[in-house]
Amino acid sequence: MVAMLMHPIGTPSYRGTPSPQPFHLSVPGAIESQQHVIGSVPFYKAKPFLGKDEQMIQVMEELDERGFIPNELIEDETTWFYNKLGIDDQYFAAESVNTIANHILSIYGAKVAAFSRKDHKLVLRLDREDGDRAVYIDTSLPGVTSLKGPHYEERIDDKYLNGSNKSRAYRVETFRSIAASVDDLSGDDEPQHFRCYFVYKCQFPTVELLPNEVDMEKISDRLFFEKASDNTKALYKSVIELAVNEASGPVIDSFEVEGTRERRLIIAYRQGSASNYFSALSHLYHYYGLMSTRKYVEQFSNGVTVMCIYLSPSVNSFQYPPIDHSVQQIIKEASLLFCLPKNTYHSIFAKAKLSLQEAIYAHCVTIFVTHFLNRLGPDYSSLLSIVNVDDPTHQEVLSKIKRRLRQETFTQEYIYSIISAQLELVHAFYTAFASTHYVQSSSEGAKLHPTLSFQRIQASNVLDDTELTKLVRRNAANDHHVLVMDAFHTFNKAVLKTNFYTPTKVALSFRLDPSFLPETEYPQPLFGMFFCVGQEFRGFHLRFRDVARGGIRIVKSRSAEVFSLNARSLFDENYNLASTQQRKNKDIPEGGAKGVILLNYEHQDKSTVAFQKYIDAMLDLLLPGTIPGVKVPIVDLYDKEEIIFMGPDENTANLVNWATVHARSRGAPWWKSFFTGKSPELGGIPHDEYGMTSLSVREFVTGIYRKLGIDGTAVRKLQTGGPDGDLGSNEILLSNEIYISVVDGSGVLTDPKGIDQCELRRLAKLRKMICDFDASKLSEYGYKVLIDDKEVRLPSGEIVENGTTFRNLFHLRPDAEGISMFVPCGGRPEAINASNVSNLIVNGKSIYPWIVEGANLFITQEAKLKLESAGAIVFKDASANKGGVTSSSLEVLASLAFDDEGFYKNMCVRDGELPEFYREYVKEVQEIIKKNAYLEFEAIWNENQRTGKPRSVLSDELSNAITDLTEQLQTSNLWDDVAFKDGILKEALPDSLLSAIGLETICSRVPQAYLKAIFGSYLAGRFVYEKGSNPGQFAFFEFMIKKRQEMGKL
């Protein structure tokens, strides 16, 4: 929350001189909209250090003994240090005589050095870091960002403030010395200043805290609680309560010191939600001509950080707007800065060459450009038109050319160099963007002066499309500059709505019109596209229908090189996953969707924070803004309600509960159906607990054995994706084959004699990686190679030089140890592709006779076709891995069909007890999954036997036929035949749900569009599974006659 308020407070009588005991405000009972005058009270009741005078004498004696400072100056230097710098007594009580003497010597040495400088400028760099505290003192020009020097604030952020938590928390006090650093050595009118920073490790009470605890005595650092006045505690408590209970972003309040030009900002936010925020805020208020005299950072054990900043006009403040204008703008932009404290163009902003809004806008567009600049170009399109795209050899060449063009033409560094050289164009494009999406809030309109943002937009010349195009071509140095800067134009035209100007936010989100995507690269058009950018991540959400479903995955990178590869392939991976989901969702009413979050390389430990910001930013665009000053209406060029259905995927299974509760707390009416895979306590059906995804995979595995008349217990098997994952663990628990090799995130486990089943099942039940496998249970020929291993000798004598490389390429080894069944249950997309599939083909035969692709996109289509031509039986992900989406869809159906009371009673587990309906419903969901998988397996197998077409092709044809027919049936007049419609719905809907609620009630609660989708997908699926993807022209007529006969219609 950002409270854009200005409260006058009492004025200290000694304004203008440094004080070890600053004064602060008394606190109103609540944050109100009107100004009110409050008497001044101490901010800190600094506990006097009774031994200060005696310590000062000891320090002077120490300095005298060292002999570096002339005797006649020792008392002056020591007195100045103790009384003129504004350091409070806590420092002197905490530090030793020797340390204080060292600090005084350092400052004196800097003063002496200043005499040798031509300009007599004092340059001081003093720092001392201990385990539980640190001191930094630097010469500082008020109101100016120094791009050189020690960067102590960034150092404090990196070492002490980023990643704060209850066990690792530091408080910071920083003061500006207003006394001259050197006695007018430089002759400047304005004396030089010292900036002193004091860092202390927090000591919290050892008491048990309730959720969202706000009792200041329980959550405060001991030192803060001793020094802070009751008024200050009450003030901090008011913003902490909002940060804990209501706001997802920073809570910001401002206060006016009565009779002065000083303003004070109080900012509260959740720990771990922003990195480098302390230092970035300095750049922000410097940009608006303000300086800070004091700053405090306080940590609280309930997970909240509070900053207090004392702001005053800088020396050259006459060049800037009035302080109230500046403070109002700082409050607005502090929320934007919270999203991206360190953006790509932050250094340019710090030099005041771009505003913060322009810099962050440019940062977002830079990411957009890296993903969407058409790097293939017209030459690739021409090549595409003359080659045979169905020829595997041509496919392999095209794939290599496509990958190389995308990776090598425009790097992010090259894009940055172009954009940073075209700041005039950045300003022009930002102005066009802002003129479309900026909304002046009602609070701005009620004030005597609008915000500086609004003033800038009003004063700027907004160029139209033609003028922007001309400006780009006039300023561009070459064709590459034109391509990059034209992408700004593409971005602006694609944005349909954004939370960029929402008062509170934790990450930036943009709803894009995906029609800008080139058809040659993305032949299947997207329906909807979201683009999110945060400090820790970037991400997309793509869907192929209005009503669509798909999981949200988090992609991590083990190294900078891997991150670079992941970043280049992020959008393509997301698109392909959503496309696979579209084909996979053939049996359910929702179309395909997928969300992918890529963690920035330096934030690999921030999965939870990134996920939460991604979800909250998405909700900003899905929910109407109805809270003044917090969530306000945005410009919505799409102007239609959107509901997104999400679910768990890689690295997010443990986060869906939070997403569900958060959607409810934000007032989403569809919170029950927002996320699937949530805990049973919230009405979810966990895929992993009930093996939903694995049930469909197993149906294809056992189907191969059934058709070939093979005993599965004698089959030797390889599996990627280990016992720690959902799919991998359940595949282990459900299977009865002989496991030869298992590959997971920790390494490779192999035993030619067969891996011990009991030990493997133990790991699967505990969800542990193969690194925890008891190596004593391996045979003399077995081995375990972990990713961090180097120079490992295998039983065969082979030397493994690098464990990570060995793990990554293990599935491509031609010595397959007689393995017949390969089931990928995890691994990165395109692990087997046109470039490396030849490793799996020896003497024209696939080394793996049977492959069931459980992991999404593990094998590219080109590679699948090569494997099938080499004799392998391959069933692709879109067919085999569809059990989870069926479970998720039926979970959503229950949440839509029940009212809140019925949902809590029948779908939510209470005190560990499963409702009877829940038990029956889960069993029915499992049977539906197995039946749908059986029907698709039989349809593909029979069609392959009849036509000889590759199963990978038939899978797509089957999926496309069902989804196309589904669309047609939803809009046909068959829906108007009430008796037929009801009959199909009774077949399609679970019996347990019909028994509990009844068809009439279900139809009154579930949206008609969703019911039509159920009707269409069920009828289309049953027809295509029975008649094939290319039936004769009378096949559907015959099918309908049969269906009506079954219903007793004829």
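Which residues form a nonpolar patch on the surface? In this model, F1034, F1037 and I1041 make up such a patch, with about 330 Å² of accessible area together. Patches consist of residues with over 30% relative accessible area and no salt bridge, nonpolar side chains (Val, Leu, Ile, Met, Phe, Trp, Tyr) being joined within 5 Å and like charges within 9 Å. A salt bridge is a side-chain nitrogen of Lys or Arg within 4 Å of a carboxyl oxygen of Asp or Glu, and accessible areas come from the Shrake-Rupley method with a 1.4 Å probe, only the protein chains shown counting as cover for residues. The model is predicted: local features need pLDDT of at least 70 and side-chain atom pairs pLDDT 80 or more, whereas totals for chains, interfaces and linings use all residues. Residues are numbered from 1 along each chain as its sequence is written, and side-chain values use heavy atoms, without hydrogens and water.

F1037 lies in helix α40 (residues 1035–1046); helices (H or I, at least four residues) and strands (E, at least two) are DSSP runs numbered from the N terminus. F1037 is exposed, at 56% relative accessible area (exposed, over 50%; buried, under 20%; partly exposed, in between; 1.4 Å probe, protein chains only).

Strand β25 (residues 821–824) directs M821 and V823 one way and F822 and P824 the other, all of them buried. Strand β19 (residues 716–720) pairs with β25 in the parallel sense over four bridges, pairing requiring at least two DSSP bridges; K717 has M821 as its bridge partner. Two bridges also join β25 to the parallel strand β28 (residues 850–852), where I851 stands opposite F822.
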